[in-house]
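Hello,

Here is the structure I promised to pass on. Please open it beside this email and follow along as you read.

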Amino acid sequence: RERQQSQQAAQRVNRDPYRDRTTAGFRLLDQNDLVNAEIEFKSVLGARPNDADAQGGPGLVRLKQKNFEEAQVLLAQASKRGNAGRWKEALDSATYWSLVRGADKARADNRLSEAQRLLTQAVRIDRQEPTGQNNLADVLYIQGDYPAAETLYRNVLKQTPDQPDALRGLITVLPQVGKSEEAMQLVARLTPEQQEGMGNLGALRAEEAMRQARLASVWTRPSP
């Protein structure tokens, strides 16, 4: 018993109070208590500015707060201080969404080439998340690169069938590549609410009607 008590006393002496606070910070982070989690991490950083775990913690807080740019900076710093694999998934996520947000700003300012560049980088980081691919396809559509836009929308729909933004985009781009009939077939699968959200179906139906009329005139034209 005396030996057990001696071991317990030694463990108490050897315990690192800063490590305990970092652990408490991650526990609070898991509970979504972001304010108190950050307090714990900052208390450690006040004594140990180069502590990678304590530095990565605020990066995760910023990621949950959707402050992607600051999260990217903090997580990159934590990665450089060791155990980069621990932070890779979070850093990739912060970088991805920072690029997407930057592309949104560039597109709003009509800097379409810049938006395309940023979104291309984002898609390289995460090819499963549809947002980057859909946004890149939208930019390519605006620039008139309809085949590339079609390919991206189809890629998203292969991964996530009936993904609404990709479906909307594909229906919009198909008439531009001579596939109005396929577009109308896709429209027929939509619910009335989804069709209402499309907004430009009248023009699409008119184009398909004209296409059908042209075909009919070819078949009914008398032979010379």
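**Two loop residues to start with**

Asn110 sits in the loop between α6 and α7. Its phi is near 65°, which is a positive value in a residue other than glycine. Most residues other than glycine have a negative phi. At 59% relative accessibility, Asn110 counts as exposed.

Lys66 is the next one to find. Look in the loop between α4 and α5 (68–80). Lys66 has a phi near 65°, again positive in a residue other than glycine. Is Lys66 buried or exposed? Its relative accessibility is 54%, so Lys66 counts as exposed.

Please keep in mind that this is a predicted model.

**The overall fold**

Now zoom out. The protein chain has 13 helices and zero strands. Read along the sequence, the pattern is α-α-α-α-α-α-α-α-α-α-α-α-α. The chain has 224 residues, and buried residues make up 37% of them.

**The nonpolar cores**

How many residues does the largest nonpolar core have? It has 30 residues. Tyr153, Leu170 and Ile171 are the ones with the most contacts inside it. The largest share comes from α7, with six residues.

There is also a second, separate core. It has 17 residues, including Leu28, Phe41, Leu60 and Leu91.

**How α4 packs on α6**

Two packed helices are described by the angle between their axes and the distance between the axes. The crossing of α4 past α6 is left-handed.

Which residues meet there? From α4 come Ala52, Asp53, Gly56, Gly57, Leu60 and Leu63. From α6 come Arg86, Trp87, Ala90, Ser93 and Ala94. Sorted by class, the contact has six nonpolar, three polar and two charged residues.

**Salt bridges**

A search of the whole structure finds 17 salt bridges.

Start with Glu40 and Arg21. They form a salt bridge, with the closest N and O atoms 2.7 Å apart. This pair links distant parts of the chain. Glu40 is in helix α3 (residues 34–47), Arg21 is in helix α2 (residues 17–30), and they are 19 residues apart. Why does Glu40 count as buried? Its relative accessibility is 17%, and buried means under 20%. Arg21 is partly exposed, with a relative accessible area of 35%.

Next, take Arg117 and Glu114. Their side chains meet in a salt bridge at 2.7 Å, N to O. Both lie in helix α7 (residues 112–125). They are three residues apart, about one turn of the helix. Arg117 is partly exposed, with a relative accessible area of 40%. Glu114 is partly exposed too, at 27%.

Arg154 lies in helix α9 (residues 146–159) and Glu182 in helix α11 (residues 180–188), so the pair ties together parts that are 28 residues apart in sequence. Arg154 has a relative accessible area of 26% and is partly exposed. Glu182 also counts as partly exposed, at 26% relative accessibility.

Salt bridges can also share partners. That is how Arg19, Asp51, Asp53 and Arg86 are joined into one network.

Find Asn110 in its loop between α6 and α7. Find Tyr153, Leu170 and Ile171 in the largest core. Then find the network that includes Asp53 and Arg86.

Best wishes

Methods. Residues numbered from 1 in each chain as written. Predicted model: local features only at pLDDT ≥ 70, side-chain atom pairs only at ≥ 80, totals over all residues. Heavy atoms only, no water. Salt bridge = Lys/Arg side-chain N within 4 Å of Asp/Glu carboxyl O. Helix = DSSP H or I, 4+ residues; strand = E, 2+ residues; numbered from the N terminus. Buried < 20%, exposed > 50% of the residue type's maximum accessible area, 1.4 Å probe, protein only. Core = buried A, V, L, I, M, F, W, Y, C linked by side-chain atoms within 4.5 Å. Left-handed = near helix turned anticlockwise from the far one by under 90°. Contact = heavy atoms within 4.5 Å. Nonpolar A, V, L, I, M, F, W, Y, C, P; charged D, E, K, R; others polar.
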